[in-house]
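Please open the model in your viewer and keep the sequence panel beside it, so that each selection can be followed in both places.

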Amino acid sequence: MKTDLRVKLVQYTPEPEKLVAAAAKLCYSSLAADEIMNDLDENNTEKFISMLMKLGHQSPVEHINFSFAIEGVSRTLTHQLVRHRLASYSQRSQRYVTEGQFQYIVPPEIQNNSAASAKFIEAMEYDQKIYDEITDLLYEDHYNLLLEEGKSEKNAKNAASKKAIEDARYVLPNACETKIMVTMNARNLIHFFSVRCCNRAQWEIREMASQMLEEAHSVAPYIFSNCGPSCVAGPCPEGKMTCGKMDEMREKYSYVKNNK
Ligand SMILES: Cc1cc2nc3c(=O)[nH]c(=O)nc-3n(C[C@H](O)[C@H](O)[C@H](O)COP(=O)(O)OP(=O)(O)OC[C@H]3O[C@@H](n4cnc5c(N)ncnc54)[C@H](O)[C@@H]3O)c2cc1C
């Protein structure tokens, strides 16, 4: 069964732009942090954040965090995502959750080719069948052994199921659907968007990064006002590997600059 990518910003630091402005102002002020916070209204916060982001003074934006719940993505995507080290992750476990009927992501290029699509679905169905068969075979071995070791039937069943799926999962494909929660601070998000909204990134993580930017921008528009692939804020850094579509990308992400 195939699924669609879903991104939800589930939690973020309250009043993110006010907090960043207060943190930055604290560096140059004799006032206490709470007095600085009290002095900040929407207008002067926006002005200050705009100036800060233009100057490229990024350390104050490390104070604010954004947590995204991501569903309907492949394990291929999450393997790429977790390479970003300055973030926190929680992912649904294949050791503890049985893939009774695993869902999978079909790349659009495969979906658009009926012969490739049929082969792909055949492979997924075969994977499911083998996963189920190996799970059953391993379950029997573990169950009998655990009973011999003196476990009750109930405990032996639970433990045998877990032991069986933790090894059976080795046959599951990269296409397997997964869920992950990721928390990043704004500085790392800005970096993440620069490399993962870029056309050089793979279609799936690019789509996810693009949705994450929309969500983050909706609650902190001045902090994320120059974000997206690197070419939104300056020249393309990809050299010979450039996609050559800078104008298209700048148009796509022009909404980030259109603040109130
Ligand atoms: C288009 C594309 C293709 C890719 N292809 C491959 C590939 O073929 N093979 C492969 O293995 N990976 C590949 N990657 C992954 C890439 O190499 C990085 O691992 C990934 O993008 C995370 O980037 P990062 O290290 O900048 O980010 P993060 O881990 O989020 O770190 C953010 C920044 O913090 C700093 N930082 C973090 N940790 C350290 C550290 N230990 N020491 C010093 N500075 C640090 C760096 O400035 C870094 O840029 C690819 C990535 C992209 C976008």
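**Before you select anything**

This is a predicted model, in which local features need pLDDT of at least 70 and side-chain atom pairs count only at pLDDT 80 or more, while totals for chains, interfaces and linings use all residues. Residues are numbered from 1 along each chain as its sequence is written.

**The whole protein**

Begin with the cartoon view, where the protein has 11 helices and four strands; here helices (H or I, at least four residues) and strands (E, at least two) are DSSP runs, numbered from the N terminus. The radius of gyration is 24 Å, well over the 18 Å that the globule rule gives for 260 residues, so the protein is more spread out than a compact globule. This radius is taken over C-alpha atoms, and the globule rule is 2.2 Å times the number of residues to the power 0.38. Along the principal axes, the C-alpha atoms fill a box of roughly 70 × 50 × 30 Å.

Next, colour the two domains: domain 1 covers 6-92 + 177-257, and domain 2 covers 108-171, with bounds that come from an automatic or database domain assignment. The centres of domain 1 and domain 2, taken over C-alpha atoms, are 39 Å apart.

Buried residues make up 27% of the 260 residues. A residue is buried if 20 or more other C-beta atoms lie within 10 Å of its own, exposed if 12 or fewer, and partly exposed in between, with C-beta atoms placed from the backbone. Two residues are in contact if their C-beta atoms, placed from the backbone, lie within 7 Å, and of the contacts with a separation of 6 or more, 76% join residues 24 or more positions apart.

Select residues 203-219, which form helix H9; its 17 residues reach 25 Å from the first C-alpha to the last, close to the 24 Å expected at 1.5 Å a residue. The expected span is 1.5 Å times one less than the number of residues. Show the side chains of Glu204, Ile205, Met208, Ala209, Met212, Leu213, Ala216 and His217, which are buried in H9. An α-helix has 3.6 residues a turn, so residues three or four places apart point the same way.

What do the buried residues of H9 pack against? They pack against strand E1 (6-12), strand E2 (65-74), helix H4 (75-81) and helix H8 (186-196).

Move on to H8, where the buried residues are Ala186, Leu189, Ile190, Phe192, Phe193, Ser194 and Arg196. These buried residues of H8 pack against E2, strand E4 (177-185), H9 and helix H10 (230-233).

In strand E1, select Lys8, which counts as partly exposed because it has 14 C-beta neighbours inside 10 Å. Leaving aside neighbours within four places in sequence, Lys8 is in contact with Phe68 and Ala69. Strand E1 also holds Gln11, which is partly exposed, with 13 other C-beta atoms within 10 Å.

Continue to Glu15, in the loop between E1 and helix H1 (16-26). Most residues other than glycine have a negative phi, yet Glu15 has a positive phi of about 40° although it is not a glycine.

For a contrast, select Cys231 in helix H10, which counts as buried because it has 23 C-beta neighbours inside 10 Å. Cys231 touches Cys236, Met246, Met249 and Arg250, not counting residues up to four places away in sequence. The C-alpha atoms of Cys231 and Lys245, 14 residues apart along the chain, are separated by 9.3 Å.

**The ligand**

Finish by selecting the ligand, which is surrounded by Arg83, His84, Arg85, Leu86, Asn188, His191, Val195, Arg200 and Ala201; a residue is counted here if its C-beta atom, placed from the backbone, lies within 6 Å. The shell has three nonpolar, three polar and three charged residues. Ala, Val, Leu, Ile, Met, Phe, Trp, Tyr, Cys and Pro count as nonpolar, Asp, Glu, Lys and Arg as charged, and the others, Gly among them, as polar.
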